[in-house]
Amino acid sequence: MFTQDGYQVTRHICPRNCYDTCSMLAYVRNGRLEKVTGDPLHGYTRGKLCSKGYNYVKRVYSPERLKFPMRQLGRGSGNWQRISWAQAMETISEKILELKDRFGTALPLCLNKYSGNFGVLHYAVEGMFNSLGPTTQARGSPCWSAGLDAQMHDMGASINSDPEDMLKAKLIILWGVNPAWTAVHSMPYIYQARENGARIVVIDPVMTQTARKADWYIQIRPGEDGALALALMKLLRGGNAVDWDFIRCCTTGWPEFDRQLAGECIDELANRCGQDRQVLEELAAWIGNSKPVFIWVGFGMQRHVNGGNNIRQVNALAALTGNIGLPGGGVHYAHPLTGLFQYRFLQDQPENRYLNINEFAFELARTGDPPVKFLWVSCRNLLTQDVCSTLLQEQLKRLEMIITVEQFLTPTAQYSDIVLPAATQFEEVDLVPSYWHYWIALNEQAIQSYYEAKSDLEIARLLTAALNERRQGSSNFPVGLSAEELLEREFSPEAYRKLGISHWSELAGGPRRTTAAVTAWSERSFATASGKYEFMSEQDGAEQSGFGQRLRPGLRPDAKYPYWFITSHAQQGLNSQFHNLESARPQSCWEATVLIHPETAARKGIADGKKVKIFNDLAGVVLRAKVSPDTPPDVLVCHQGWHPDGEYGLNALNGGTLSDMGELSTGARGIAFYDVFVDITPA
Ligand SMILES: Nc1nc2c(c(=O)[nH]1)N[C@H]1C(S)=C(S)[C@@H](COP(=O)(O)OP(=O)(O)OC[C@H]3O[C@@H](n4cnc5c(=O)[nH]c(N)nc54)[C@H](O)[C@@H]3O)O[C@H]1N2
Ligand SMILES: Nc1nc2c(c(=O)[nH]1)N[C@H]1C(S)=C(S)[C@@H](COP(=O)(O)OP(=O)(O)OC[C@H]3O[C@@H](n4cnc5c(=O)[nH]c(N)nc54)[C@H](O)[C@@H]3O)O[C@H]1N2
Ligand code: SF4
Ligand SMILES: [Mo]
C-alpha cells in the first residue's frame with residue numbers, strides 16, 4: 001500500500017478465470033474505491049486492463065450487489081427475507097448436523113465450486129468441506145481438461161512458454177483461441193511479433209476479432225482440427241520438413257506414428273476439415289519454411305468430443321517439425337501455476353465421493369445411498385454455465401437445502417434457499433496464480449466490506465465456529481488463523497526462491513515473475529515416463545484417450561438439427577459475470593444475439609435484428625438474429641453468459657456429451673460444449 005495524490009493505493013489481482021490474471025491498482029479516498037487501473041510493474045499486463053477491469057468500481061458498488069444474507073421463503077418464489085449472519089449460520093449448521101445424524105455420514109452434503117474466483121484462499125471452501133468428513137464434491141473442469149490431458153500424454157505436463165516468447169516467432173498460429181477478446185494482453189506481443197517479421201494465421205470456424213487481425217484466416221469445420229493437422233504433417237513429411245534430429249534425440253513412438261501417417265489420405269483429410277488441397281499445401285509451406293512456429297491452441301478447440309485428440313495432432317505437427325522447445329516455437333495451451341502454492345488448508349479427504357462437474361445433473365439424479373440432500377454453491381452460476389440446465393433444475397428441486405455464496409442474485413442464487421453475500425477482491429487479501437503468464441502478485445485489501453459481504457474464507461470460518469459451537473469437533477478448519485497467516489503457510493522456500501523474495505509481504509512492493517524458463521521444454525527433456533516427447537503415449541489411461549488411434553472424427557449435424565451451436569466466450573463478459581451489470585455494460589451487449597450466415601438466414605426467412613428460436617429435442621431459446629458472413633452456413637454462434645434482460649438458458653440445449661479426455665489432469669472428463677446441434681426458425 002502507498003499513497004499518491006491523496007489516494008491510498010493498494011495492489012490487486014483480477015481473480016476471474018481469465019488468461020490474463022491482471023495486476024491492478026485500486027485508488028481509495030475516504031474509504032471509498034474511486035478508480036482501478038492496471039499495475040505498470042506487472043510485466044505481462046503492463047499497466048492496462050480490459051474494459052471489464054476498468055469497470056470494477058461500478059461492479060463493486062453496483063446497486064445489484066448482494067448486501068446481506070437472505071433467506072427465500074419458497075425456492076424460486078422471489079420472496080426474500082433479510083437475515084443476520086448468525087441466523088444464517090444457525091440454520092445451515094443445524095441442517096448439516098441433522099443430515100449427518102440422519103444418514104450417519106457427511107456424504108449427503110455436496111459442494112460445487114469452480115471459477116468465479118480462483119484465489120488461493122478461496123480454497124478455504126474445499127478445506128471447510130473436507131473438515132466435515134467425507135462429503136460429496138463436484139470434480140473436474142468445464143473449461144480446459146481435455147487439452148490439459150493432451151499435453152500430459154505427449155509431453156508429461158502442460159507448460160506453455162512465456163507469452164513474450166512469441167516475439168521470436170516467424171509464424172504464429174492462433175488455433176481455436178480468440179485472444180482479441182479472451183486474452184487481450186497477449187495481443188501486443190502478437191502485433192510486435194508481426195512487426196518483427198512474423199506472419200499470423202488464425203484457424204477458427206468463426207471469423208473472430210482475432211481472425212480479422214491475422215495475415216491469413218482459415219475457416220475450419222468444427223471438430224476437425226486433427227484432420228487438418230494430419231494433412232499438414234503428411235505434406236510436410238512428403239516435403240523435406242521433418243526435423244530428424246529432434247525426432248531422433250527427443251521423441252518416442254515415431255516409427256508407429258509414421259506408419260499411421262502413411263496410411264492417411266490427404267484429400268480425404270482435406271475434405272474432412274473443409275479445405276481445398278491448395279490451402280493445405282500453402283499452409284504446410286508456411287510452416288515448413290518459417291521456423292520457429294509458435295502455435296497457441298485455445299480452450300475453444302477442445303470443446304468437442306475429440307478435442308483432446310485434436311490437440312494431440314497439433315502437438316505432433318509441432319514435434320515433427322522440431323518446433324517444440326525451440327525459442328519462439330512450440331505448442332502452447334496453459335499451465336497450472338497453482339503448483340507454486342501448497343493449498344495446505346485443503347486437508348485432502350480420501351473418502352470423498354466425487355461427481356463429474358460436467359455431468360452434475362445426471363450425477364445428482366443417480367447418486368443414492370446416501371443421496372445428496374444439501375448443496376453449497378460457491379463461485380459458480382450453475383444454471384447458466386452448466387449443461388442440461390433443465391434436468392439440473394429438476395434435480396435441484398429435490399434437494400432439502402441449497403446455499404449459494406454470491407455477489408449477485410444470479411439464476412442459481414434465485415434458486416437457492418439462502419444466499420450469502422461474497423466480498424470482492426478489493427475487500428479481501430489473497431493470491432491468484434495465472435494459467436498463462438508467469439507473474440505472481442499480491443491482492444491486498446483496499447476497502448471495508450460492502451455492507452455485510454464476507455470473503456469465502458471468512459464464511460468458512462464462521463460456519464466452522466457455528467458447527468463447533470453446536471457440536472464440539474465437528475470441523476477442524478483453522479478458524480484461528482488470519483488470512484495473512486494462512487498465506488504465510490502457502491509459501492515454501494522453493495516458492496520464495498522461484499519468486500526471488502524472502503517473504504510474501506515483499507509482493508506488496510510489486511508483482512514478481514517466477515524463474516520459469518521463457519521457452520517451455522527448452523531443455524528438450526520432457527515430463528513423460530520416457531523423458532521424451534511421445535508420439536504414441538503409453539501412459540495409464542492412454543488407451544481410452546486414443547492411444548494408437550490418430551484420427552478421431554468429429555461429430556456432424558444431421559438432417560433434423562443441421563447447425564452447430566457454438567457458444568464461445570464473450571468480449572464484454574467473463575463467463576456469467578459482467579453482462580448483468582446494468583451500469584457497466586455497453587448497450588450493444590444487453591441482449592444475446594445469434595450470428596447466422598446470410599444464406600442460412602435467407603433460406604430460413606430470417607431478417608437481421610429479428611427474433612429467432614434456436615431449438616433441439618431438449619429445449620428452445622429465443623435470441624435476436626445478427627445476419628453475418630463471419631460464421632459458416634452450418635454454424636450458429638451465440639456468446640455465452642448471463643444476460644438478465646434476455647435469454648441466458650443456452651445450455652438447456654446442451655445434452656452433456658463429454659469430450660474425450662480430462663481424467664488424467666482433473667479426475668473427470670471434459671465437456672464438448674460446442675458439439676451441440678440445433679435448428680433455427682423465426683420466433
Ligand atoms: N455454453 C457454454 N457454457 C459454458 C462455456 C462455454 O464456452 N459455452 N464455458 C465454460 C467454461 S470454460 C467455464 S470456466 C465455466 C465458468 O462457469 P462458472 O464456474 O459458473 O464461473 P463464472 O460464471 O465465472 O462465475 C460464477 C459466479 O461466481 C461469482 N463470484 C465471483 N467472485 C466470487 C467470490 O469471491 N466468491 C463467490 N462465492 N462467488 C464469486 C460470480 O458472481 C458468478 O456469478 O462456464 C462454462 N460454461
Ligand atoms: N472476454 C472474455 N475473456 C475470457 C472469458 C470470457 O468469457 N470473456 N473466459 C475465460 C475462460 S473461462 C476461458 S476458458 C477462456 C476461453 O478463451 P478461448 O481459449 O479463446 O476459448 P473460446 O472462446 O471457448 O473459443 C475460442 C475460439 O475457438 C473457436 N472454436 C470452436 N470450435 C472450434 C474448433 O473445433 N476448432 C477450432 N480451430 N476453433 C474452434 C471458437 O469459434 C472461438 O472463436 O477465456 C477466458 N477469458
Ligand atoms: S477480466 Fe482478464 S483481462 Fe480483464 S481485468 Fe480481469 S484478468 Fe485482466
Ligand atoms: Mo473456462
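This is a predicted model: local features need pLDDT of at least 70, side-chain atom pairs count only at pLDDT 80 or more; totals for chains, interfaces and linings use all residues.
Reader: Which backbone atoms lie 3.0 Å from ligand 2?

Author: A backbone N or O atom of Trp181 lies 3.0 Å from a nitrogen atom of the ligand. For Phe299, a backbone N or O atom is 3.0 Å from an oxygen atom of ligand 2. On its own, ligand 2 has 910 Å² of accessible area, and the protein covers 99% of it; such areas come from the Shrake-Rupley method with a 1.4 Å probe, and for residues only the protein chains shown count as cover.

Reader: Which elements give two or more residues to the shell around ligand 2?

Author: They are helix H6 (179–182) and strand S10 (199–204). Helices (H or I, at least four residues) and strands (E, at least two) are DSSP runs, numbered from the N terminus. The shell divides into 15 nonpolar, 14 polar and four charged residues. Here Ala, Val, Leu, Ile, Met, Phe, Trp, Tyr, Cys and Pro count as nonpolar, Asp, Glu, Lys and Arg as charged, and the others, Gly among them, as polar.

Reader: Which side chains have atoms placed for polar contacts with ligand 1?

Author: Among them is Asp456, with an N or O atom 2.7 Å from a nitrogen atom of ligand 1. A polar side-chain atom of Arg380 lies 3.2 Å from an oxygen atom of the ligand, and for Tyr674 the distance to a ligand oxygen is 2.8 Å. Ligand 1 exposes 910 Å² when taken alone, of which the protein buries 99%. By class, its shell has 10 nonpolar, 17 polar and six charged residues.

Reader: How do you know that a disulfide joins Cys249 to Cys250?

Author: Their sulfur atoms are 2.1 Å apart. A disulfide is a pair of cysteine sulfur atoms within 2.5 Å, so this pair meets the rule. The count by that rule comes to one disulfide.

Reader: Why is the link of Cys249 and Cys250 called left-handed?

Author: The angle about the S-S bond is -55°.

Reader: Why is Cys249 called partly exposed, and why is Cys250 called buried?

Author: Buried means under 20% relative accessible area, exposed over 50%, and partly exposed in between (1.4 Å probe, protein chains only). Cys249 has 43% and therefore counts as partly exposed, whereas Cys250, at 4%, counts as buried. Cys388 is in no disulfide, as the nearest cysteine sulfur, that of Cys110, is 16 Å away. With a relative accessible area of 10%, Cys388 is buried.

Reader: What makes Cys22 buried, and where is Cys22 found?

Author: Its relative accessibility is 8%, so Cys22 counts as buried. Cys22 is found in the loop between strand S2 (7–13) and strand S3 (23–29). Not counting residues up to four places away in sequence, Cys22 touches His12, Ile13, Cys14, Thr45, Lys48, Leu49 and His185, where contact means heavy atoms within 4.5 Å.

Definitions and conventions: Residues are numbered from 1 along each chain as its sequence is written. Chains are lettered from A and ligands numbered from 1 in the order in which they are written. Side-chain values use heavy atoms; hydrogens and water are left out. A polar contact is a pair of N or O atoms within 3.5 Å; within protein, one must be able to donate a hydrogen and the other to accept it, and residues adjacent in sequence count only if both atoms are side-chain atoms.
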